[in-house]
Amino acid sequence: MSTAPRSSEETAATSTTLTPELAIIGSGSGNSLITPFWDDKHVVLAEKGLGPDAVFGGTCLNVGCIPTKMFVRPAEIARGPEEAARLDVVQRTESVDWPAMRDRIFSRVDAISAGGRRYRDEELEHVDLLSEPVRLTGPRSFVGETGAQVEAERMVIAAGSRPVLPEVPGMDLPQVHTSDTVMRLDEQPRRVLIVGSGFVACEFAAIFSGLGSEVVQLARTERLMRTADDEISVAYTAEAARHWRLRTSTALESVVAADGDDSAATARLRDADGAVEELDVDVVLVAVGRRPNTDLIGAAEAGLDLHDDGRLVVDAHQRVVAGGEPVEGVYALGDISSDHQLKHVANHQARVVAHNLEHPGDLRRSRTEAIPSAVFTHPELAQVGLTEPEAVVAIGSEHVTTKVQDYGDTAYGWAMEDQVGLYKVIADRRDGRLLGAHVMGHQASLLIQPVVQAMSGGQDAHTAARGQYWIHPALMEVAENALLGLDVPVGEEL
Ligand SMILES: Cc1cc2nc3c(=O)[nH]c(=O)nc-3n(C[C@H](O)[C@H](O)[C@H](O)COP(=O)(O)OP(=O)(O)OC[C@H]3O[C@@H](n4cnc5c(N)ncnc54)[C@H](O)[C@@H]3O)c2cc1C
Ligand SMILES: NC(=O)c1ccc[n+]([C@@H]2O[C@H](COP(=O)([O-])OP(=O)(O)OC[C@H]3O[C@@H](n4cnc5c(N)ncnc54)[C@H](O)[C@@H]3O)[C@@H](O)[C@H]2O)c1
């Protein structure tokens, strides 16, 4: 049971050094580590607060996965007339009530965040919440901004990542936003410039364009989602260009505020041929990547090893590494150490770390195979495993077999009159081992799961296709047909 002061102010005022059994930095995925195992032990959770309102609970809940998808869904519904027209139904989206949508979304999100903070801060006797930025003074110790000291027996660093801003003039203007702030705008912007071509940019381009804003998306390169398989990246770039304006191979040079107007700006763009365009917009959303918060916690100064991109080095058990050696009892998880900035990866790592904290003599490893991801853009994208070029490098082109199945050539695809959906699978032709899948189209994030499951369970392509029933004529038949189209050994049938 904690006898320690219960708030940052009290802690600082008495200059007490807290000596908990466990200290955690970061209340996102780190928050889930306070399991019943710790009920009779002292835990300190440090959380500086995220974004302008210093909210509790981390990125996914407050400014990431959850609120973005709560905007994605109405944006998809607002797009309804486009599909309806293909199916001989005349439908119209009358209007979008952005303030109501925003308030509905954040009344839910903010309540969960506030409830989480209250629970940790007020209701759990054994947990001390330190609501301030902290910096490491060693692998197991840190100091808060107000001087509070913590020396823990065991430590977990789950301090996440934050958006990067490019070094161009105007990034400090109120018209310039990141994903941390853009969802809280008072009004729906009429004209949005989105800078970037990855996950965040492509999701927000779909959100704002679906809701009716005029969107221009700026990509430095020729294609969007360049980390996807080439075939998907090319097809998606072409499809995105049908729904919103794209400026590829173009860079942002500056953003200048409109004269005396906080709600408008002019962005200066330069394409690869040197041609300059000045674009008047209401909002600029910058989405050019996220950097791990190792600098904020002083990880290098505390002697912890870092990758070139600033992530903490961890071993297979999620132990942090210092001087090339894992540090016993000190773990990291999530965006601060992972090469997949994904919530399901952070959650998995948190489960591994929770086990390892409780069972230091029986350490588990985190799973690194078959990690899927989805981009909730329009059309939706999903991927798992290797891209085709990666598969060629891994096993040689002669051993790689691929199949691209169009949604439109399946029964439910006919019902949808689908013209864009693609389901690509990649396997080793020698034994049918599945190497990857890449999907673009309606519900891609759902349709990819059978391949994730087969890859995770070590099931070969033909067994995955023929070892079970597939409901006819569900859209999932696109996955079955893709698997059946691979040139792989044929085993037993159901
Ligand atoms: C717009 C957006 C949409 C996303 N959508 C998805 C999605 O659909 N699916 C998906 O899988 N992933 C998605 N992600 C990624 C996902 O949100 C992250 O991978 C995940 O939330 C990372 O969790 P974490 O616990 O590592 O970090 P976080 O949740 O960011 O937690 C870290 C916490 O540490 C705190 N902290 C940092 N430094 C300090 C310090 N010095 N002192 C005290 N506290 C500190 C921070 O304030 C923060 O609250 C999205 C991300 C964004 C930005
Ligand atoms: N649905 C999801 O799972 C989801 C959604 C959003 C974010 N995320 C996670 O968050 C991470 C960060 O997202 P993100 O979109 O910020 O990063 P990202 O790495 O996905 O994409 C950043 C893009 O910006 C480009 N870029 C870099 N500097 C630039 C510049 N100066 N000008 C123009 N473009 C530039 C890069 O080439 C890259 O394409 C993602 O990698 C993903 O792991 C996941």
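Reader: Which residues come nearest to ligand 1, out of the 34 around it?
Author: In this predicted model, the shell around ligand 1 divides into 15 nonpolar, 15 polar and four charged residues. The elements that give two or more residues to this shell are α2 (58-63), α3 (65-78) and α8 (343-358). Of the 34 residues around ligand 1, those that come nearest are G26, G28, G58, G160 and G334.

Reader: Which element gives the largest share of the shell around ligand 2?
Author: There are 22 residues around ligand 2, of which G198, F199, V200, V288 and Q341 come nearest, and the elements that contribute two or more residues are α6 and β21 (372-375). By class, this shell has twelve nonpolar, six polar and four charged residues. The largest share, four residues, comes from α6.

Reader: How many Å does helix α5 reach from its first C-alpha to its last?
Author: Helix α5 spans residues 98-123, and for its 26 residues a reach of 38 Å is expected at 1.5 Å a residue. Its buried residues are I105, S113, R117 and R120, and what covers them includes β3 (43-46), α2, α3 and β4 (127-130).

Reader: Where around the axis of helix α12 do its buried residues lie?
Author: The buried residues of α12 (residues 449-457) are P450, V451, A454 and M455. Because they cover an arc of only 130° around the axis, they lie on the same side of α12. What covers them includes β22 (381-385), β24 (422-428), β25 (434-440), α13 (461-466) and α14 (477-484). The place asked for is therefore the same side of α12, within an arc of 130°.

Reader: Is P139 buried or exposed?
Author: P139 is found in the loop between β5 (134-138) and β6 (141-144). Leaving aside neighbours within four places in sequence, P139 is in contact with M155, A302, G303, L304, V320, A322, V327 and V330. A residue counts as buried if 20 or more other C-beta atoms lie within 10 Å of its own. P139 has 20 such atoms, so P139 is buried.

Reader: What is omega for the peptide bond that joins H378 and P379?
Author: Most peptide bonds are trans. P379 has its place in the loop between β21 and β22. The bond joining H378 and P379 is cis, with omega about -5°.

Reader: Is Q318 buried or exposed?
Author: Q318 lies in the loop between β18 (290-292) and β19 (319-322), and its phi is positive, about 75°, although Q318 is not a glycine. Because Q318 has 28 C-beta neighbours inside 10 Å, this residue counts as buried.

Conventions. Residues are numbered from 1 along each chain as its sequence is written. Chains are lettered from A and ligands numbered from 1 in the order in which they are written. This is a predicted model: local features need pLDDT of at least 70, side-chain atom pairs count only at pLDDT 80 or more; totals for chains, interfaces and linings use all residues. A residue is near a molecule or strand if its C-beta atom, placed from the backbone, lies within 6 Å of it. Ala, Val, Leu, Ile, Met, Phe, Trp, Tyr, Cys and Pro count as nonpolar, Asp, Glu, Lys and Arg as charged, and the others, Gly among them, as polar. The expected span of a helix is 1.5 Å times one less than its number of residues. A residue is buried if 20 or more other C-beta atoms lie within 10 Å of its own, exposed if 12 or fewer, and partly exposed in between; C-beta atoms are placed from the backbone. Two residues are in contact if their C-beta atoms, placed from the backbone, lie within 7 Å. The arc is that of the directions from the helix axis to the C-beta atoms.
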